[in-house]
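Trainee: I would like to learn how to read the way a chain is divided into parts and packed inside. Could we go through one example together?

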Amino acid sequence: MTTVNIISLNKTYPNQPVPVLKDFSLSINDGEMIALLGPSGSGKSTLLKLITGIERPDSGDIQFDGSSILSIDPNKRGAVLMFQQSYLFPFLNVEDNIGFGLKVQGASAETIRGEVKRMLNLIGLPGIERRKSGQLSGGEQQRVALARALVTNPKLLLLDEPLSSLDTSVRMNLQEAIRNIQRELGVTTIFVTHDLGEAMAMSDRMALLLNGEIVALDKPENLFHRPRSLTAAKFMGVSTFLSGDQLTVKNEACSSSEKIFAIRPEHIRIQKEACKNSMLGVVSDCVFRGEYIEYQVDVNDVTVRARMPMPAPMFPHGEQVRVNFPQEHLFEVN
Ligand code: ADP
């Protein structure tokens, strides 16, 4: 059971012109799963390296339950890392892979056997103790890697894009499995990903990271429906911004004095009838996606992207339509 406090971390790699993390602070509650969402190069892995002790910060502190861990040996900090690749030892069977950490700690063979069995039940793969990693599917390997990470009862679980190499159905299964196991054990967790859907499905709170700084931190549902800033809105898949008293569609931020409104793509309506808050546009793309139709409509010089849930009308390329921005779905961003 661990509360994690990351306090004003700064990190610049040697001979690099810009810092990777700038005054980075984040508090994680005991048993909480935080998703760290950011594009490649935003500093996610660096944060994990600072926590595990692979790298050292230039300044700032990392505390577990109020005590700094910076002077503790990396392998004694109680933070375990699980990667995109399972990195199981190919020459060891599943039992020896999972039990490895316990063996290093000097646990008895009987304890190890019992703990491995408990972990295999937890990950939904009972009875595979004798298999080698080459005899496991990608999803099974990741489950075993999770068991290996958790068997020593870590204070903090760090997941670095653990599902990125798996195909969609396996990935969905594992998202659910990891979430359930994390909740059952109550282990404090940081989940690094660049996949918005995955971050929302997995986390209690999401931190949006850009250029080494957290630009928003909130529950997934709050960030999804009402991101407060333009940057956070873009992270969350919003691409239509409107400004002014007379609504005008904008691609980007406008002058700072203007009020900016945003709208989610699934709330924009493409229709024939004119109504309040609607503008004339021309369909430039219309793709049937099964559950929804994805539209691109040119309004003035700006492309508006909309996702109309089915059933919805299909207007072909070149058709003149009205793009409707329902008032109740517009929200202000700054
Ligand atoms: P992310 O995990 O979000 O993709 P990283 O933390 O790996 O981001 O990297 C952030 C930035 O730091 C990148 O610009 C990367 O090139 C740089 N970087 C990472 N590791 C090193 C290193 N050991 N030396 C120099 N620069 C590095």
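Mentor: In this model the centres of domain 1 and domain 2, taken over C-alpha atoms, are separated by 38 Å, with domain bounds that come from an automatic or database domain assignment. That assignment gives domain 1 as 4–234 and domain 2 as 240–333. The model is predicted, so local features need pLDDT of at least 70 and side-chain atom pairs count only at pLDDT 80 or more, while totals for chains, interfaces and linings use all residues. Residues are numbered from 1 along each chain as its sequence is written, and side-chain values use heavy atoms, leaving out hydrogens and water.

Trainee: How many residues of domain 1 are in contact with domain 2?

Mentor: Contact means heavy atoms within 4.5 Å, and nine residues of domain 1 are in contact with ten residues of domain 2. Between them the two domains bury about 820 Å², 64% of it on carbon and sulfur atoms, where buried area is the accessible area (1.4 Å probe) that two parts lose on being put together, summed over both. In domain 1, Phe 224, Arg 226 and Leu 230 lose the most area to domain 2, together 55% of what that side buries.

Trainee: What is the count of salt bridges between domain 1 and domain 2?

Mentor: A salt bridge is a side-chain nitrogen of Lys or Arg within 4 Å of a carboxyl oxygen of Asp or Glu, and the count between domain 1 and domain 2 is zero.

Trainee: Which residues does Ile 98 contact?

Mentor: Leaving aside neighbours within four places in sequence, Ile 98 is in contact with Val 116, Met 119, Leu 120, Val 144, Ala 147, Arg 148 and Val 151.
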